[in-house]
Amino acid sequence: MISERRYREIAGIFIFLAGLMLLLSLCTYSGTDMEMLRTNRPVHNLVGPLGAWIGNIGRIAFGYPSSIVAVILFFSGWHFIKKGDSALYLERVFSLSFFMITLSALFALIEPVAVPQNAGGYLGLY
């Protein structure tokens, strides 16, 4: 029988890998990927079509600061692997989430462009 500690470690590894996949999706995001998906051509994203969708959603919502979500997932996965208690790191997750939204708004103010995902995303714009 697998112990509760093993379940936490497995959950932490999955969360950590999700953060890695998100980071790769956002770093290899290309604005032409969605058009390539519509015309059924291969995308430039390293994660593939799923990565193109994830990168597009992240960039539309938060713009450049969307990579902070990957940092949140990394810290969460690491904490689950090491300690396993979710109550201790919730303050950090909240702080990083607030920082991401604030940074999105700041990017939208500094770099006002016609395409919001090139700055702070739609959440930063509004």
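**Exercise 1. How much accessible surface does the chain have, and what share of it belongs to carbon and sulfur atoms?**

Start with the ground rules: this is a predicted model, where local features need pLDDT of at least 70, side-chain atom pairs count only at pLDDT 80 or more, and totals for chains, interfaces and linings use all residues. Residues are numbered from 1 along each chain as its sequence is written, and side-chain values use heavy atoms, with hydrogens and water left out.

Step 1: the accessible surface comes to about 8,100 Å² (Shrake-Rupley method, 1.4 Å probe; for residues, only the protein chains shown count as cover).
Step 2: carbon and sulfur atoms hold 69% of that surface.
Step 3: for the inside, 35% of the 126 residues count as buried (buried is under 20% relative accessible area, exposed over 50%, partly exposed in between; 1.4 Å probe, protein chains only).

**Exercise 2. Work out which fold elements the chain has and how its contacts span the sequence.**

Step 1: reading along the sequence gives α-α-α-α-α-α.
Step 2: take the contacts (heavy atoms within 4.5 Å) between residues at least 6 apart in sequence; 61% of them join residues at least 24 apart.

**Exercise 3. Find the aromatic pairs and classify each one.**

Step 1: there are two to find. Rings of Phe, Tyr and Trp (its six-membered ring) pair if their centres lie within 6.5 Å; planes under 30 degrees apart are stacked, over 60 edge-to-face, and the rest tilted.
Step 2: Phe 16 and Phe 74 have ring centres 5.0 Å apart and planes at 50°, so call this pair tilted. Phe 16 sits in helix H1 (residues 4-27) and Phe 74 in helix H4 (residues 67-82), 58 residues apart. Phe 16 is partly exposed, at 32% relative accessible area.
Step 3: Tyr 64 and Phe 107 are edge-to-face, at 6.3 Å centre to centre with 80° between the planes. Tyr 64 is in the loop between helix H3 (49-62) and H4, while Phe 107 is in helix H5 (residues 90-110), so this pair ties together parts 43 residues apart in sequence.
Step 4: Tyr 64 is partly exposed at 41%, and Phe 107 is partly exposed at 27%.

**Exercise 4. Is Asn 40 buried or exposed?**

Step 1: locate Asn 40 in the loop between helix H2 (33-38) and H3.
Step 2: its relative accessible area is 73%, so Asn 40 is exposed.
Step 3: look at the backbone too: phi of Asn 40 is near 60°, a positive value in a residue other than glycine.

Note on methods
Helix = DSSP H or I, 4+ residues; strand = E, 2+ residues; numbered from the N terminus.
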